[in-house]
Amino acid sequence: MMVYYVALGIGIVAGIAGQILLKTGADSPDFVSQLLRPSTLCGLALYASAAFLYLIALRKIPVSVAFPSVSLSCAIVAVLGHFLFGEPFGIKQIGGIALIMGGVVLINQG
């Protein structure tokens, strides 16, 4: 059973890394050059691997546990976006992140 939780965890990390790489490729002057940037291509590959690992995790982990756990990536990406790219981060985002993390903890406890 542990291997499925490891797959879920690695999938979450891969999705986070993919999102950050997609953001780094977003400063291209046009869509085609953005799409062909190495960071964009690596980001898309990481997204694909995250989806593959999520499929593996779903073999034994209930979707009612797996999907909320993946929502942690939204909170982590928001924090990384603030620190890496200087994106705004206010009290509403902090409250939303706290709700996400609290919900994931509660779901994984029961």
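The model is a predicted one, and a search of the whole structure finds two salt bridges, while the count of aromatic pairs is zero.

**The nonpolar patch**

- Helices α2 (31-36) and α3 (38-58) each supply at least two residues of this patch, and the largest share, four residues, comes from α2.

**Lysine 23 and its partners**

- Glutamate 87 forms a salt bridge with lysine 23, and the closest N and O atoms of the two are 3.2 Å apart.
- Because glutamate 87 lies in the loop between α5 (72-85) and α6 (91-109) while lysine 23 lies in helix α1, this pair ties together parts that are 64 residues apart in sequence.
- Both partners are partly exposed, with a relative accessible area of 30% for glutamate 87 and a relative accessibility of 37% for lysine 23.

**The salt bridge between arginine 37 and aspartate 27**

- The side chains of arginine 37 and aspartate 27 meet in a salt bridge, with a distance of 2.3 Å from N to O.
- Arginine 37 lies in the loop between α2 and α3, and aspartate 27 lies in the loop between α1 and α2, so this pair ties together parts that are ten residues apart in sequence.
- Arginine 37 counts as partly exposed at 29% relative accessibility, whereas aspartate 27 is exposed, with a relative accessible area of 57%.

**Alanine 14, a buried residue**

- Alanine 14 has its place in helix α1 (residues 2-24), and alanine 14 counts as buried because its relative accessibility of 9% is under the 20% cut-off for that class.
- When its neighbours within four places in sequence are left aside, alanine 14 is in contact with Leu46, Ser49 and Ala50.
- Alanine 14 and tyrosine 47 are 33 residues apart in sequence, yet their C-alpha atoms are 6.6 Å apart in space.

Definitions and conventions:
Residues are numbered from 1 along each chain as its sequence is written. This is a predicted model: local features need pLDDT of at least 70, side-chain atom pairs count only at pLDDT 80 or more; totals for chains, interfaces and linings use all residues. Side-chain values use heavy atoms; hydrogens and water are left out. Rings of Phe, Tyr and Trp (its six-membered ring) pair if their centres lie within 6.5 Å; planes under 30 degrees apart count as stacked, over 60 as edge-to-face and the rest as tilted. Buried means under 20% relative accessible area, exposed over 50%, partly exposed in between (1.4 Å probe, protein chains only). Contact means heavy atoms within 4.5 Å. A salt bridge is a side-chain nitrogen of Lys or Arg within 4 Å of a carboxyl oxygen of Asp or Glu.
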